[in-house]
Structure formats: C-alpha cells, structure tokens
Amino acid sequence: ETLGCASEFDDAATLLAANPDATTISIDEPTEAHKKQHSRRQEPGREEDDELLGTDDSDKTELLAGQKKSAPFWTFEYYQTFFDVDTYQVLDRIKGSVFPVPGRNFVRLYVRSNPDLYGPFWICATLVFAIAVSGNLSNFFIHLGRPTYHYVPEFRKVSIAATTIYAYAWLVPLALWGFLMWRNSKVMNIVSYSFLEIVCVYGYSLFVYIPTAILWIIPQKVVRWVLMIFSLCLSGSVLVMTFWPAVRDDNRRIALATMGTIVLLHALLSVGCLAYFFDAPEVDFPAPIIPAHNGTTLITKVK
Amino acid sequence: MRVSCWRSLPTCGLQSTLFQLRDLKAVGKKFVHVMYPKKSSALLRDWDLWGPLVLCVSLALMLQGGSADSKEDGGPQFAEVFVIIWFGAVVITLNSKLLGGTISFFQSLCVLGYCVLPLTVAMLVCRLVLLAGSGTVSFIIRLIVVIAMFAWSTLASTAFLADSQPPHRKALVVYPIFLFYFVISWMILTFTPQ
C-alpha cells in the first residue's frame, strides 16, 4: 500500500495504462540516454553501471529528477546531487528503516526522489567494522579462560567483511533492478524504482544489523538467534513493503518468488556473518577430576 | 618540498628543491598546532603532506612485529595500514566535498593526516607499556591512553575542519572522521606482541 498522495499518481498511471499504446509511463530527459553506458568515477562502494532514473511514475518526481540530475556525469556537481541530504534527513531515513510502519513504503515516504549515497556507503562501512570488531571481541571473551589461548586481532576478516557487505549492498540491488526492468517490459507495473532508490533502500535496511552485530558479542546461542530473527524481520519487512508494490501486478508466482528471494538473500547474509565472524559459544572444557570426601572421584563438566 | 612552488610557477626553478630546515620547522609547527588545537590557519593554508607521510610510516612500522606466525590471523600488514590511512583520508575528504564542504582536497588530507599524531604517540606509549608486561594492568593503561588519544585526534580534526562544512551537515561530515580514527585506535589497541 502506498501513501495517499502517491496513490493519486497510481490512479493516473492506471488510466494511462488503459491505453494500449502507452507502453511507458515515464518521461526521460534527452540527456539521460547518454549516461547509460558510461561508468562513474570508481570508488569501492560506488560502482554503478547506469544512472537511468526515468521510470518513476509520478510527475512530481520526474520534475525534481530532471532538475537535480541535469549536470553532465563527468562533473563533480553531478555526484554532489547524490549527497544532497541534511543530517535530519539521514536520521529520518535511518529511523524509517528501524521502525517500519506497516503499509508505508520506505522509498515513497523517506527517499522521495532524492536518493542519497551517503547513507548506504557509510552504513555499510560502519557495518563492516562493527562485525569485524564485535566478532573479534566476542571470540576474545569466549576463549578467555583457556590456558592455550593467545589473542589475535584477525585483521584479515575486515577485508572479507568489506567485500561481502559491499558486494551485497551493490550487486543485489543491481540484479533486482535488472530483474524489475525486465518484468516491467513484459507486464505493466504501476510502481517502479530507479537503481539508486533500490541501492538506497538496501543500504538503509542494513542499518539495523549494526546494533545486532554489537549485541552478538553476548556469548549465548539463544540470544544470538533471537537477535538475528528480530533484525531480519525488521529489515526484511522494509524490503518487502518497498518491493511488493513493484511486483504485485505481475504473475502471482513470480511476485512471490521475487519476495522470497529478497528475504532469503537477506537472511543468508546475516546467517553467514554470524557463522563466520562469531565463534560458537559454550564450548565444553575437558573435565577436571575432583576427589569426593569418601574417596570416590567425581567428574564434573565445566563450561 | 615545494609547498608554494605550484602557486608561483615562474620562480619554481629558482628555489632549491632540497628538504630544508625551514620545511622541517613548518612540519614541527604543525605538530604543535595539532597537539594544542585552536583555530589556526597554518595547517590549512600552508598544507603539506610530509608530516602525514612520516606519521603514517612510523605508525605502520610500529604496528609490525605483532602476534601470530600465520599471516591469516595477525594484525594488519604494513601495506594495509598505509592503505587504510591514505584511502580512508581520501574517502573522508571526498565525502566532505560531496556534501558541499569548501575546503580544498589537499588541505583536508593534510589535516586528517596530521591529526593522526596523537594516535602515533599512543602507539609509542603502548609499545613501551607492552615492554613492561602484557597483563590486565597494562591493558587498562593502554585502553585509557588509546581512548584519550582517539578523543584528542577526533576533536582536533573536527576543530580544524568545522568551519568549512555546510551548516546542517556537520554531523554527516564528523561521523566518518570518528569512524576513521576509531579504526586506527582499534588497530593500536589490539596490537599484541609475539
């Protein structure tokens, strides 16, 4: 379900859709076509193949997008348009990703044709270090009592964490965007998102994993799994509520399969991180032998 | 060291290209400005990258000789420290400029690099403390020193960079700086000798 004002545009688009000749519902700027094949200045975490924006359904967003993205892609100003957010906007978007309201679409409510790259990039960076540091700390506390334990900083894991998380935050949106574009060409979808908006949603949805990773230091299996399920529900629901309107007009099976894949990949990310970076807690120590007062020996298990 | 060379190209060739005593004094003056941060233009106007290079190399060298024979689990390699510091500084500078900051690229690199000085001092102190022993007391001392120097670095760089940031985005610019020095502090704190 989309917001009240957005649904007006949905109705307008539905009317347009009734006309069989209206195959597209967006108005592209002529200059936008030139940007298709060029890659942007490369920075890890900022790879992009395509800046195509023009498939939004609302006229208002089209106007805004046209005004904002009019600088040519090789100028610095072009990239500044992706960082055109104030502190309170970033905080609002983070809040929206942690407290998803049922029926509210994250993109329509918070992003609103101003997708930023600040949030996704720095949330991923923070998450990388949160996972690496928390994993290291939790392993330290778990193995602390052992006489043969020698602490190691495990710095290699930072690069692995960085590769995994940035790959997830950029490649999955790319694949999803490509898939949605392909479906869009076959089935008239009322709602569609630009690549940057998808990256934005994915980036902000990862925010809830940061406190989760820190709380995973607690060496209790049950606590860790409860935390994981809880954070998966929160961030998964943001994704589901965002992308359901984009696929619900499609074939039922494909829509459900898409939703399922989104949630599955999200779950795989968190399960994989938990399994790789955090050692299993509650490892049994070999049992000491305690002589009982009547001469028989008791063997006790020590955790 | 040709700080003013590119600004006055005609006289460039006439000036000596040797690293002179006055250059050393300029670097030293900047070190003092970092340790007692107040709004000074020395760091910003007459930027240079020698100081950051020296600090980066000495920090990376001091982080070597850490624990673990296998390269898999040990501390960061020399190149990793180098890359983290310089790449981190570049990314933060780009971030600040993309958000609309008015500071120049190299000025920002200069400030971020020089503000690693407190953490380099912390690393030195940590290595000395570790020579004395590596028990709980030594860890607590190291923890306090690293936390203090981390706060000092962050506050110093924020003090220098604050004015050039757009008004409603200061927190957006300061947070990556905080993260940057936090990562360096973590590398220093988790250093364990063999």
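Me: What share of the 303 residues of chain A counts as buried?

Reply: The share is 50%. Buried means under 20% relative accessible area, exposed over 50%, partly exposed in between (1.4 Å probe, protein chains only). This is a predicted model: local features need pLDDT of at least 70, side-chain atom pairs pLDDT 80 or more, while totals for chains, interfaces and linings use all residues. Residues are numbered from 1 along each chain as written, chains are lettered from A, and side-chain values use heavy atoms without hydrogens or water.

Me: What makes Asp84(A) and Arg169(B) a salt bridge?

Reply: The rule asks for a side-chain nitrogen of Lys or Arg within 4 Å of a carboxyl oxygen of Asp or Glu. Here N to O is 2.8 Å, so the pair qualifies. Across the interface of chain A and chain B the rule finds three salt bridges.

Me: How do you know how much area is buried between chain A and chain B?

Reply: Buried area is the accessible area (1.4 Å probe) that two parts lose on being put together, summed over both. For chain A and chain B that is about 2,900 Å². Carbon and sulfur atoms give 66% of it. In chain A, Trp122(A), Phe155(A) and Arg156(A) lose the most area to chain B, together 24% of what that side buries.

Me: Why is the span of α1(B) called close to the expected one?

Reply: The expected span is 1.5 Å times one less than the number of residues. Helix α1 (residues 21-35) of chain B has 15 residues, and 21 Å is expected.

Notes
Helices (H or I, at least four residues) and strands (E, at least two) are DSSP runs, numbered from the N terminus.
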